[in-house]
Amino acid sequence: MFDYQDFPYASRRTPLFAKRGMVATAQPLAAQAGLDILKKGGNAVDAAIATAACLTVVEPTSNGIGSDAFALIWIKGKLHGLNASGNAPRQISIETMRERGFDSMPAHGLEPVMVPGAPAAWAECSRRFGCLPLTEVLEPAIDYAENGYPLSPVVAANWNHAYKKYRGILSDPMFEPWFQTFAPDGHAPHDGELWASPGHARTLQAIADTYAEAFYKGDLAEKIDRFSKAHDGFIRKEDLEAYRPEWVEPISSRYRGYDVWELPPNGQGLVALLALNILKNFDLTGKDTVDTYHKQIESLKLAFSDGKAYITDPRDMNPMAAALLSEEYASERSKLIGARAINPAPGTLPKGGTVYLATADGEGNMVSYIQSNYMGFGSGIVIPDTGISLQNRGHTFSLNPADANSLAPGKKTYHTIIPGFLTKDGQPVGPFGVMGGYMQPQGHLQVISNTIDFHLHPQAALDAPRWQWVSGKTVFVEPNFPNPVAQALIRRGHDIRVALDTGSFGRGEIIWRDPGSGVLCGGTESRADGIVACW
């Protein structure tokens with residue numbers, strides 16, 4: 001276990017310890033649901049599925065049944081990766097979008113809807129690694145959807161914000177099912193108010209009974225198809241029928257004696273690893289020093305410029321992009337970091353809205369899992385009477401054919417959601433993640449550096465003030481970010497801006513496991529409603 005040290009902001013919350021099981025996520029009812037599954041004899045995978053399904057009900061502001069998902073699963077001494085992101089429909093193309101008058105992919109409507117991967121992820125993980133039947137694992141989520149639950153404060157605030165925004169911009173009849181589902185009384189529910197979705201419950205039950213076959217090949221697929229056809233969308237039942245989640249080999253980088261693991265593209269985990277690869281070329285002088293923040297920010301900027309230039313569906317990536325993780329490439333990129341802020345640009349290759357959860361059981365199995373609609377509620381499209389809120393991941397596609405991440409039929413887009421995992425000497429340390437769009441690799445870099453470089457325990461690593469690079473030399477910082485450091489960064493050429501809305505800085509969870517005793521140590525996001533449920 002790490003030799004933890006204390007810092008002034010470490011006292012906001014203390015970490016929690018347990019031996020037999022732990023679930024950490026941003027919504028208390030979902031965390032407790034996962035813990036209940038552990039107590040019924042489920043393993044960490046069962047708990048992750050239960051928590052993920054429950055989050056579609058109790059935190060619909062960030063995810064839904066129509067989400068995509070990714071997972072890193074440590075079980076029986078091996079780390080497994082699952083990519084359950086969806087493909088673009090077969091009927092969509094740059095040409096069809098141009099014909100509809102679009103110069104870029106829209107954020108709402110049916111055009112940005114890709115095939116959802118989350119239900120397939122639950123079924124696939126349950127079949128391969130679960131101990132309990134999916135019908136039992138999804139029971140808590142079904143119960144909350146059928147009988148209702150009281151909203152937690154942060155979820156209620158996000159819900160109200162989305163309602164006000166959608167009421168102003170979503171006027172087409174295709175969006176009416178969203179309002180009927182999420183604002184049935186003509187307003188967003190407030191914190192403490194009961195909300196239920198019987199259609200959502202029926203859908204979850206059908207997914208549980210058929211191991212998601214109903215969603216991809218049965219009645220639910222038919223409903224998605226009919227609604228899409230009725231409103232001139234692209235997604236069809238044939239797209240759903242053809243979908244399969246993919247088991248993939250995780251990728252890693254060595255950072256000061258630890259192995260940091262991410263999933264390979266089309267996710268942006270590559271950005272976090274490249275940033276850490278660049279950062280490790282420097283000695284960090286202290287946690288809250290201008291030199292440390294400057295080098296972290298510059299490393300991240302260089303990594304992100306590469307990620308945005310090269311990451312897309314791996315079948316369409318430059319085969320030389322694997323060189324981005326080489327020590328030689330990171331060393332060359334690190335030479336660009338001097339005393340002052342730079343405007344980043346991609347390097348030259350060699351020729352040739354989201355919910356996160358972490359679970360652990362008493363047997364040493366651990367799961368890092370993330371699923372998301374994107375941009376809060378996603379596309380604004382809800383399939384009537386089903387509770388299925390569809391993601392809008394196609395929004396990240398480019399309509400420029402020359403771009404790596406250009407739109408094409410059947411293609412996977414650049415994906416922002418990334419689970420993380422840490423090991424040392426071939427043994428698991430544990431799962432970690434920070435959700436929040438393009439903040440995610442930035443959050444991964446910050447919590448890993450907090451943990452490894454500065455020996456912060458999980459809760460302190462999450463509570464530490466965060467920064468967020470936006471573009472060019474612009475960096476947002478939280479209100480509690482040390483002002484003397486912010487002023488010193490400005491003198492180095494950074495455009496530092498204090499962001500009063502801390503919601504843009506991501507929300508994370510961490511569970512570490514002591515290799516000797518098996519004791520679990522967990523932290524949860526103080527910027528959200530989350531808890532660490534433990535046993």
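**Packing, strand pairing and pockets in the predicted model**

The buried residues of helix 6 make their packing contacts with helix 1 (28-39), helix 2 (44-58), helix 5 (134-137) and helix 9 (198-210). The structure described here is a predicted model. Helix 6 itself spans residues 139-147, and its buried positions are Pro140, Ala141, Ile142 and Ala145. Residues three or four places apart on an α-helix point the same way, because one turn takes 3.6 residues. After helix 6 comes Gly148, which has a positive phi, near 90°.

The largest nonpolar core holds 80 residues, and the members touching the most other members are Trp122, Leu138, Trp159, Phe215 and Tyr369. Helix 2 contributes the largest share of this core, 11 residues. In soluble globular proteins, nonpolar side chains tend to be buried together. Beyond four places in sequence, the contacts of Trp122 are Ile49, Ala52, Ala53, Thr56, Leu134, Leu138, Leu204, Ile207, Tyr369 and Gln371.

Asn63 is located in the loop that connects helix 2 to strand 3 (68-75). With a relative accessible area of 1%, Asn63 falls under the 20% limit and is therefore classed as buried. The side chain of Asn63 forms a polar contact of 2.7 Å with the side chain of Gln371. A polar atom of the Asn63 side chain also lies 3.5 Å from the backbone nitrogen of Thr56. When residues up to four places away in sequence are not counted, Asn63 touches Ala52, Leu55, Thr56, Val355, Gln371, Ser372, Asn373 and Gly376. Ala52, Thr56 and Gln371 are among the residues touched by Trp122.

Strand 14 (residues 420-424) is mostly covered, with 4 of its 5 residues buried. Strand 14 pairs with strand 9 (residues 258-262) in the antiparallel sense over 3 bridges, and Val260 has Leu422 of strand 14 as its bridge partner. Strand 14 also pairs with strand 15 (residues 427-435), again in the antiparallel sense, over 5 bridges. Here the bridge partner of Leu422 is Gly430 in strand 15. Strands 14 and 15 form a hairpin with 2 residues between them, and Asp425 in the turn has a positive phi of about 55°.

Ala272 belongs to helix 13 (residues 269-279). Because its relative accessibility is 0%, Ala272 counts as buried. Apart from neighbours within four places in sequence, Ala272 is in contact with Glu262, Pro441 and His444. Ala272 and Trp195 are 77 residues apart along the chain, and their C-alpha atoms are separated by 37 Å.

The second largest pocket has a volume of about 190 Å³. Its lining consists of 15 residues, of which Gln180, Thr181, Ser197, Gly199 and Asp385 are the closest to the pocket centre. At least two lining residues come from each of helix 8 (176-182), helix 9 and strand 12 (382-383). Helix 9 gives the most to this lining, with 4 residues. Helix 9 is also one of the elements against which the buried residues of helix 6 pack.

Terms used: Residues are numbered from 1 along each chain as its sequence is written. This is a predicted model: local features need pLDDT of at least 70, side-chain atom pairs count only at pLDDT 80 or more; totals for chains, interfaces and linings use all residues. Side-chain values use heavy atoms; hydrogens and water are left out. Buried means under 20% relative accessible area, exposed over 50%, partly exposed in between (1.4 Å probe, protein chains only). Contact means heavy atoms within 4.5 Å. A polar contact is a pair of N or O atoms within 3.5 Å; within protein, one must be able to donate a hydrogen and the other to accept it, and residues adjacent in sequence count only if both atoms are side-chain atoms. Two strands pair if DSSP finds at least two bridges between them. A nonpolar core is a set of buried Ala, Val, Leu, Ile, Met, Phe, Trp, Tyr and Cys residues joined through side-chain atoms within 4.5 Å. On a 1 Å grid over the protein atoms alone, a cavity is a set of points where a 1.4 Å probe fits but cannot get out, and a pocket is an open set with protein on both sides within 12 Å along at least five of seven lines; lining residues have an atom within 4 Å of a point. Grid points are joined across faces, edges and corners, and a volume is the space filled by probe spheres set on the points.
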